[in-house]
Amino acid sequence: NQNDPIWFLLVQSKIYRYFYSVSGVTVVTQKPPVVTVRKGETATMDCNLGTVENSAARWYKQVPGGVPQYVLFRYNGDNRVFYGSGFSSPKFTSNHQSKSDYRLIINNVEDADSAVYYCQTHDGNENFPSVLNYRIYLATPAVTLFPPSTEDLKSSRATLVCLASNLSQRSKGLADVSWMSNGESVTEDVSTSPAEQQPDKTFKISSYLTIQTAEWDKDVVFTCKVSLGSTFSEKEIRKTSCSL
C-alpha cells in the first residue's frame with residue numbers, strides 16, 4: 001500500500017527527490033542533522049511540520065541494514081503518546097512546542113539507540129504525503145589503545161595502535177582520530193586506515209603512531225582521541241601502565 005508511512009520510509013530517497021519538484025508540498029524539517037551524545041545522556045530531536053498545524057508527528061527508527069521501526073505517535077491536541085512494539089516510556093517520550101513543532105526524546109541513551117530517526121506527518125492530501133528528512137544519532141565510539149609489541153621495542157622505533165569501533169555506516173565518515181604526546185598534538189608518523197565493516201554491520205578504524213623507543217622508555221603519556229562532532233572518546237597509555 002503506497003499510502004502506508006512505512007512504505008514511504010523504505011523508499012525515502014526517491015520520495016525526497018520527487019516531492020522537491022512539486023510546488024506547494026509540505027516539507028518536514030529536522031535540525032540539526034547530527035545528534036551526538038554520550039551513553040547515559042538524553043538525546044532530543046526536533047521536527048517542524050511546516051505548514052501542517054494541529055496534526056500529528058510519527059517517529060521511526062532505522063538501524064543500518066534494517067527496516068524502519070515505528071517508535072511513537074504524538075497528536076498536537078492530545079497529551080497521550082502511542083508507542084510501537086518494543087518502544088515505551090520513560091525511555092522514549094515526546095512533546096510539542098507549538099502547533100507544528102514536535103520533539104522526540106530518548107532518555108538514558110545506549111549503543112542500541114544509534115540509528116537514523118525519521119519524522120513523518122500527513123498534509124491531508126492523499127496524493128502528496130509530506131517529505132521525510134532524516135536525522136542521525138551517533139553513539140560514542142569505543143576506543144582501545146594497544147602498546148608496542150615486544151619485538152618492536154627491540155628496535156629504535158615502535159608503533160602504538162588505536163582501534164575505534166562501534167561506528168555506524170554514517171558516523172564512520174565523521175570520525176576523526178588524533179594523537180597526543182604528553183598533552184601535545186602529534187601529526188607526524190601517524191597513519192589511519194579506512195573504515196572496515198564488521199560482522200555486526202558496525203565499522204572500525206585503525207590508527208597507528210610510530211614513536212621512538214626512547215620515548216616509551218621515558219614513560220611518555222600517549223593519547224588517542226576519537227571525535228564525532230561535539231562528543232569524543234579517548235584513551236591514554238604509557239610504559240608503567242603496561243605489563244610488558
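Me: Before I look at the cysteines, what counts as a disulfide here?

Reply: A disulfide is a pair of cysteine sulfur atoms within 2.5 Å. Keep in mind that this model is predicted. Searching the whole structure turns up two disulfides.

Me: Let's take C162 and C224. Which hand does their disulfide have, and why?

Reply: The torsion about the S-S bond of C162 and C224 is about -80 degrees, so this disulfide is left-handed. The link connects distant parts of the chain, with C162 in strand β12 and C224 in strand β18, 62 residues apart. Their sulfurs are 1.9 Å from each other, and both cysteines are buried.

Me: And what does C47 join to?

Reply: C47 is joined to C119, with an S to S distance of 1.9 Å. That link is left-handed too, at -75 degrees about the S-S bond. C47 belongs to strand β3 and C119 to strand β9, 72 residues apart. Buried means under 20% relative accessible area. C47, at 1%, therefore counts as buried, and C119, at 0%, is buried as well. If you number the bonded cysteines in sequence order, the pairing reads 1-2, 3-4.

Me: You mentioned β18. How should I read the sheet that contains this strand, and in what order do its strands come?

Reply: In general, strands of a sheet pair through backbone hydrogen bonds, either parallel or antiparallel. Here, four strands make an open sheet in the order β14-β13-β18-β19, with antiparallel pairing. β14 and β19 stand at the edges with a single partner strand each, so one side of each has no neighbour in the sheet. From one strand to the next, the twist averages 30 degrees.

Me: How many bridges join β13 to β18?

Reply: Six bridges join them. To find your place between these strands, look for V177, which stands opposite V226 in β18.

Me: Now the rings. How many aromatic pairs are there, and how are Y60 and Y70 arranged?

Reply: The count is three aromatic pairs. For Y60 and Y70, the ring centres are 5.8 Å apart and the planes are at 50 degrees, so the pair is tilted. Y60 sits in strand β4 and Y70 in strand β5, 10 residues apart.

Me: Are Y60 and Y70 buried or partly exposed?

Reply: Y60 has 3% relative accessibility and counts as buried, while Y70, at 28%, counts as partly exposed.

Me: Which residue lies over the face of F232?

Reply: That is K225, at 4.4 Å from the ring centre.

Conventions:
Residues are numbered from 1 along each chain as its sequence is written. This is a predicted model: local features need pLDDT of at least 70, side-chain atom pairs count only at pLDDT 80 or more; totals for chains, interfaces and linings use all residues. Side-chain values use heavy atoms; hydrogens and water are left out. Two strands pair if DSSP finds at least two bridges between them. Helices (H or I, at least four residues) and strands (E, at least two) are DSSP runs, numbered from the N terminus. Axes are lines fitted to C-alpha atoms, for helices over the stretch in contact, and angles run from 0 to 180 degrees between N-to-C directions. Rings of Phe, Tyr and Trp (its six-membered ring) pair if their centres lie within 6.5 Å; planes under 30 degrees apart count as stacked, over 60 as edge-to-face and the rest as tilted. Buried means under 20% relative accessible area, exposed over 50%, partly exposed in between (1.4 Å probe, protein chains only). A charge sits over a ring if NZ of Lys or CZ of Arg is within 6 Å of the ring centre and within 35 degrees of the ring normal.
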